Amino acid sequence: MVWLELGILLACILIGARLGGIALGTVAGIGLVLFVFVFGLPPGGPPGAVIGMIIAVITALATMQAAGGLDYLVALAGKIMRRHPQYITFIAPIATYLLVFASGTTHVIYALLPVIAEASRKADIRPERPLSISVIAGFQGVLASPISAATVAMLGLLAASNVSLPRLL
């Protein structure tokens, strides 16, 4: 029975990914209906702590954006990158890491990526190197950020094992 359920789960993921867009949610809903009503599995509840943390991080980030803080930080990072373009491959990932670490979400790098690409091109450096390293640095920053949803979810999973935030980080 478990193998059949796993097969249905994988089929829903593959079909949904193949169709893309809103079809992904529709296929996920079909899979949920199959698991609950055909196989009799109990539906899970929403992860309240994680949803609350995501709302808090997005609200803080939106406030920072509305106040001009994100634009200021991106302009500051751009100024440093343009001042030392020969080191763009090192400066861009550090700036990305710090910005993502402080904000708790990788969505802030959308504002930084065009700046990295422009500074790279002006320095005659292939932009894909600092861009790809910066994306990886952004993922590392979100994993290390104490306010990211990924960290909160991991802390929630490990709370039963007496793992605290400093130990997790």
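Tutor: Gladly. Let's begin with contacts: two residues touch when they have heavy atoms within 4.5 Å. Keep in mind that this is a predicted model.

Student: Which residues does S145 touch, not counting residues up to four places away in sequence?

Tutor: Its partners are V100, F101, G104 and T151. S145 itself sits in the loop that links α7 (128-144) to α8 (149-158).

Student: Is S145 buried or exposed?

Tutor: Buried means under 20% relative accessible area. S145 has a value of 0%, so it is buried.

Student: And how does H107 read, buried, exposed or partly exposed?

Tutor: H107, at 45%, is partly exposed. This residue is found in the loop between α5 (88-103) and α6 (109-122), and its side chain makes a polar contact with the side chain of Y110 (3.2 Å). The C-alpha atoms of H107 and G138 are 9.1 Å apart, although 31 residues separate them along the chain.

Student: Now helix pairs. How do α1 and α2 cross?

Tutor: For direction, look at the angle: over 145 degrees counts as roughly antiparallel. The axes of α1 (residues 2-19) and α2 (residues 22-38) come within 7 Å and cross at roughly 165°, which means α1 is roughly antiparallel to α2. The crossing is right-handed.

Student: Which residues make that contact?

Tutor: Among them are I8, L9 and C12 of α1, and L24, V27 and F35 of α2. The residues of this contact divide into 11 nonpolar, two polar and one charged.

Technical notes
Residues numbered from 1 in each chain as written. Predicted model: local features only at pLDDT ≥ 70, side-chain atom pairs only at ≥ 80, totals over all residues. Heavy atoms only, no water. Axes fitted to C-alpha atoms, helices over the stretch in contact; angles between N-to-C directions. Helix = DSSP H or I, 4+ residues; strand = E, 2+ residues; numbered from the N terminus. Parallel < 35°, antiparallel > 145°, perpendicular 65-115°, else oblique. Left-handed = near helix turned anticlockwise from the far one by under 90°. Nonpolar A, V, L, I, M, F, W, Y, C, P; charged D, E, K, R; others polar. Buried < 20%, exposed > 50% of the residue type's maximum accessible area, 1.4 Å probe, protein only. Polar contact = N/O pair within 3.5 Å; in protein donor to acceptor, adjacent residues only side chain to side chain.
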